Each structure stands twice: as structure tokens, then as C-alpha cells.
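Me: I would like to go through the terms used for this structure. Please set each value against its definition.

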Amino acid sequence: MTVFDEFNEVKRKGLPQILVIFGDSKEMVQELKSQLLTFVNFEPTDLSQSYYDLTPNNSDLALEDLESLPFFSDSRLVILENLVNLTTAKKTILDEKQLKRFENFLDDPSETTQLVLVLYGKLDSRLKVVKKLKAKATLLEAQELKTQELIQYFSHETSLPRPVLSLIAAKSNDSFSVVKQNIDLVQTYALGREVTVDDVEKVVPKSLQDNIFALTDLIFKGKIDEARDLVHDLTLQGEDLIKILAILTNSYRLYLQVKLFQEKGWQENQQVSYLKMHPYPVKLANQLVRRLQVSSLKKGLADLIQLDFAIKTSAADKAYLFDILLIKLTLKKN
């Protein structure tokens, strides 16, 4: 069950007296906050609802709202965002007296007041006030969704077909915020018509993983100049050679596994199930290694592992070492 499923259950039962939305995924916390504001029909002019993005200047006013009885309705909703005292971030918004006032509310919350906390980061479970909060509150922790959870969530939120969402998720490295941005991008490009896989290929920017697949394709085809140009472009874009090397090594490891699967006659769905990974890179790997030899892939993987060791232990320039191996991988017979 994802945090969005948990929030749907909260909405079904009704907003609890104290609700905490928190987590390391800022974008997912913001998405939950947006859904919350819609659910409660938040309106800034409604005197029974208060929202504070906490700062030192408005903290006393926020606490007064929390402590006060409602005047024009039977209940009051107070939403506090960025009460960083409760998280593991080494920052404070409330001073000791203010934090004590907040703790007093937790000890004896008014039956007419509902509190929602929106926090970015993990709760600091060592704090006494957090222990009290956990005992009283309903907690919704925003954690990054897995591939199938992402696809399932956005299949409910959009009309995009699952193959399109699957490809977007793969090209977005399964990042919730990037998936959301890329969905907006392809929908804008499609201008109201049904979005296709081709649209995704044309519009969604290439990820580093996509570029590594392109690099290995050039390596396997012996196109040394194009391979070196691509690595040069990636470093100009700010990608670190160590990171490129790590992904390239992992890619070679996947290629070797896929080639061995092919020789056993395994289909792509069997490979995906065994590897427990997204179908997209497995599909690309199957296309890339079809005409390659197992011995060549083993040698390439060993060379990449050796390069990683050399870069970490040698005084030689890492760009020089990487370039030498790139030439070696590209010009050898596969």
C-alpha cells in the first residue's frame, strides 16, 4: 500500500484530529499537501481554516490559532508547514517556549481543533515532543514509489496508456517529480490526442541511463569517434566520469546476464521477472547484445572493473584512463 492509498483511506474515514504528512520526497509531500487542501476545500478567507508556512515572524500567531477556540464555526483547522524542530534537520523555527506551547497542545488538544503538519524530511524520533506526536497523530510518510506503484498511481491520475507510463517511468529513473513533469511534457506535445510511445521517445529528454545505452551501442558498433564525442558531451553537461563509469559497468553486467539468458532461450518477460527490474532496460539490452559473444562481454566487464580500481588507486588522470579503455572497448572485435 502506497502513501496515496493510505491518504485515500484517511479521506474515506474523515480527517483525524492530528495528521502528519512528512518524508524525504519533497515532491510527494507537496502532492499530498495539494490533495489535502482540495479535500478540505481550503479557502484562505474561511475563518475556520488557517494555514502557516512557519517563519520566526508568524510562529506566535500560528500557536495562538492552535490554542484558540473557534469563533464562527464548530471547529477549526490549522495547517502548519515546515515545523522543522520536529525533523532531523538541524534547524529550528520555534524557540523553547514556543515548542513547549506546542507540546502542551499535544498533551491536551482541544476537541474543536484539527491540526495538520506538513514536514519535509524524517521525524526525529529521539525527541520527546515527537514521541508524543506519534502517539496522538495519524502519520503519512511520503516514500518514493516503486516502478509499478508509479505506473498504477498515474494510470488513475491520467488517461495515458500503461505502455506510455511505463516508458516515461523508465526514462525518468522512477522519480515521482520527473515522471510528473514528463507526463505534462508529452500531454502538451500531443495537443489533446492520445499520447503514444513514439511521442515519449521524441519529447522526453534522455536520461543518463539512456545516454549510456547509446554509448554502449556506439562501442559495440566500433564507432570510436562518436563514442568519445558522447562522453565529452556528457562531461560538459556536468556528469562525472566516475558516475558514467559506474553506470557503464552496471550496464555491461546487465548485458552479460541478458546474453546468458538468450543462450538459455529465456524470453524477455522471464528475464525481467528473474532480474526484478524495469522491462525497458532489459528490452534495450536484448536488442544490443543479440550479435555479441559472451566472452567479449565478460572481458569488457572485467576491464571496466579494473578501470574503476585504477582510477581510485592511480595518480593518473581519470579522463585519460577512461579514454584509453573506451578506445580499447570500441576497437576490439566483439
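Reply: Buried means under 20% relative accessible area, exposed over 50%, and partly exposed in between, with a 1.4 Å probe and protein chains only. This is a predicted model, in which local features need pLDDT of at least 70 and side-chain atom pairs count only at pLDDT 80 or more, while totals for chains, interfaces and linings use all residues. Residues are numbered from 1 along each chain as its sequence is written, and side-chain values use heavy atoms, with hydrogens and water left out.

Me: Why does R126 count as exposed?

Reply: R126 has 67% relative accessibility, and the cut-off for exposed is over 50%, so R126 counts as exposed.

Me: What makes D124 and R126 a salt bridge?

Reply: A salt bridge is a side-chain nitrogen of Lys or Arg within 4 Å of a carboxyl oxygen of Asp or Glu. For D124 and R126 the N to O distance is 2.9 Å, so the pair meets the definition. D124 itself is buried, because its relative accessible area is 8%.

Me: Why can such side chains pair at all?

Reply: Side chains of opposite charge can pair when their charged atoms come close.

Me: How do you know that D60 forms a salt bridge with R101?

Reply: The closest N and O atoms of D60 and R101 are 3.1 Å apart, and the limit is 4 Å. The pair links distant parts of the chain, with D60 in helix 3 (residues 59–67) and R101 in helix 4 (residues 96–107), 41 residues apart. Helices here are DSSP runs of H or I with at least four residues, strands are runs of E with at least two, and both are numbered from the N terminus.

Me: Why is D60 called partly exposed?

Reply: Its relative accessible area is 38%, which lies between the 20% and 50% limits. R101, with 25%, is partly exposed as well.

Me: What makes E103 and K132 a salt bridge?

Reply: Their side chains meet at 2.7 Å, N to O, and the definition asks for within 4 Å. E103 is in helix 4 and K132 in helix 5 (residues 128–136), 29 residues apart. E103 is buried, because its relative accessible area is 8%, whereas K132, with 22%, is partly exposed.

Me: Which residues are linked with E103 in a network of salt bridges?

Reply: D107, K128 and K132 are linked with E103 in that network. In the whole structure, a search finds 23 salt bridges.

Me: What makes helix 6 oblique to helix 8?

Reply: Helix 6 (residues 147–157) and helix 8 (residues 176–190) pack at an angle of about 40°, with their axes 11 Å apart. Axes are lines fitted to C-alpha atoms, for helices over the stretch in contact, and angles run from 0 to 180 degrees between N-to-C directions. Angles under 35 degrees count as roughly parallel, over 145 as roughly antiparallel, 65 to 115 as roughly perpendicular and the rest as oblique. The angle of about 40° belongs to the rest, so helix 6 is oblique to helix 8.

Me: Why are helix 12 and helix 15 called roughly antiparallel?

Reply: The axes of helix 12 (residues 241–264) and helix 15 (residues 294–313) cross at roughly 160° and come within 9 Å. The cut-off is over 145 degrees, so the two helices are roughly antiparallel to each other.

Me: How do you know that H278 is buried?

Reply: H278 has a relative accessible area of 10%, and buried means under 20%. H278 is in the loop between helix 13 (268–275) and helix 14 (279–289).
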